[in-house]
Amino acid sequence: MGETKDTSTRGPRVRSSSTLEDSGSSSIAILSQLTEPDFVTNYRDAMRPVLLRGGCAVWSACQRWAPQYFDRVAGSLTVPVKTLDSGNIKVSSWRLAEYVRFIMEQPPRADEVSLNPGAIPYCHDIPLLGLVETLAADCQPFPAAFLSPWYRQHWWRYSQFFMGPAGTITPLHFDSLLSHNLFFQIYGTKTFTIIPPTQANLCGRRGWRWFEVDPDQPDYERFPQYRNATPVAITVTAGDMLYMPPGTLHHVRSLSSSISFNIDWHTEQSVLDALTQPPNEIPTEVKYYNAITALAILAKIPETITFPLYRPYLSYVS
């Protein structure tokens, strides 16, 4: 596997001795069942992604949650909706009911999907389950034991929600806090393209966590080093649960109208790893939220004190 020596594009330092294998779904474990001890030993601590087919399929959410459902239960809420403009995120405010009508009545044109998917408005990364806490009852039994203890009692408060039409994308990136990522696909289908953090220097890094390479249509003239990357594309369908280790690069495209949510969460080891990133590379806000998380996870400061300080992260646009 080739490497470049351009330190300006090196990836975040993560504790990992493993890398993803060559492209193909077989390079990510795909399981139909997974116990908490197996998850901790073979995936979380081993820093290996895993897809659990049907991992949340028994939830009521997988039967109830469709765009119209959120019109009924939360239509009056004002939520941020994001579009991409020349690589910059633009945020506008919509009533959730208006956004549902957009999904149902104004599907994106084929040229929007193929030529400029970032222009499709996307209800992306919002703490909806924390705003409408009754939604958590639709997500039972929830695998809270997969998370660190700080997150378990009120896991829904730490979640971020995604809803959008076919063609919405999240460009290649890693999660801001270098946290573990547990992702739940509730409605519709998405394709994840996953690249290990050891290959970040091949992907045209921009800023702290974004990358210029489009794995769907790589520009090898601009990024010839990307030929040495080993991206893995995997389809995530309704009822699936996906785990990604800290620092994992991922690009996400919705193949249909889609509803999902994830939880970014730290272990004692991952928050220590995040706090020891080179200080000149990590944004001040990221340092702050990781410091708050360290107080909770390492110093055992009660959630009643730490969560109000952490809550703004759930609406942080980076």
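**A walk from a buried loop residue to the sheet**

Let's start at T168, which sits in the loop between β6 (159-164) and β7 (169-173); helices (H or I, at least four residues) and strands (E, at least two) are DSSP runs, numbered from the N terminus. What you're looking at is a predicted model, in which local features need pLDDT of at least 70 and side-chain atom pairs count only at pLDDT 80 or more, while totals for chains, interfaces and linings use all residues. Residues are numbered from 1 along each chain as its sequence is written, and side-chain values use heavy atoms, with hydrogens and water left out.

T168 has a relative accessibility of 1%, so it counts as buried (under 20% relative accessible area; exposed is over 50%, partly exposed in between; 1.4 Å probe, protein chains only). Setting aside neighbours within four places in sequence, T168 is in contact with I120, P121, Y122, V252, R253 and S254, contact meaning heavy atoms within 4.5 Å. A polar atom of the T168 side chain also lies 3.1 Å from the backbone oxygen of P165.

Now for the sheet. Seven strands make an open sheet in the order β1-β2-β13-β8-β15-β6-β5, and the pairing is mixed; two strands pair if DSSP finds at least two bridges between them. At the edges are β1 (29-31) and β5 (123-126), each pairing on one side only. On average, neighbouring strands here are turned by 15 degrees against each other, direction ignored (axes are lines fitted to C-alpha atoms, for helices over the stretch in contact, and angles run from 0 to 180 degrees between N-to-C directions). Within the sheet, β8 (residues 180-187) and β13 (residues 241-244) run antiparallel and are joined by 4 bridges. One of the places to look is N181, whose bridge partner in β13 is M244.

Helix α1 (residues 36-44) packs on this sheet, touching β1, β2 (50-52), β8, β13 and β15 (258-265), and its direction makes about 45 degrees with that of β13. Which residues of α1 are buried? They are F39, V40, Y43 and R44. These cover an arc of only 120 degrees around the axis, so they sit on the same side of α1; the arc is that of the directions from the helix axis to the C-beta atoms. Their cover includes β1, β2, β8, β13 and β15.

Last stop: helix α10 (residues 303-310), where E303, T306, F307 and Y310 are buried. Down the axis of α10, the buried residues fall within an arc of 100 degrees, so they line one face of the helix. What covers them includes α7 (149-152), α9 (284-297) and the sheet strand β15.

Note on methods:
A polar contact is a pair of N or O atoms within 3.5 Å; within protein, one must be able to donate a hydrogen and the other to accept it, and residues adjacent in sequence count only if both atoms are side-chain atoms.
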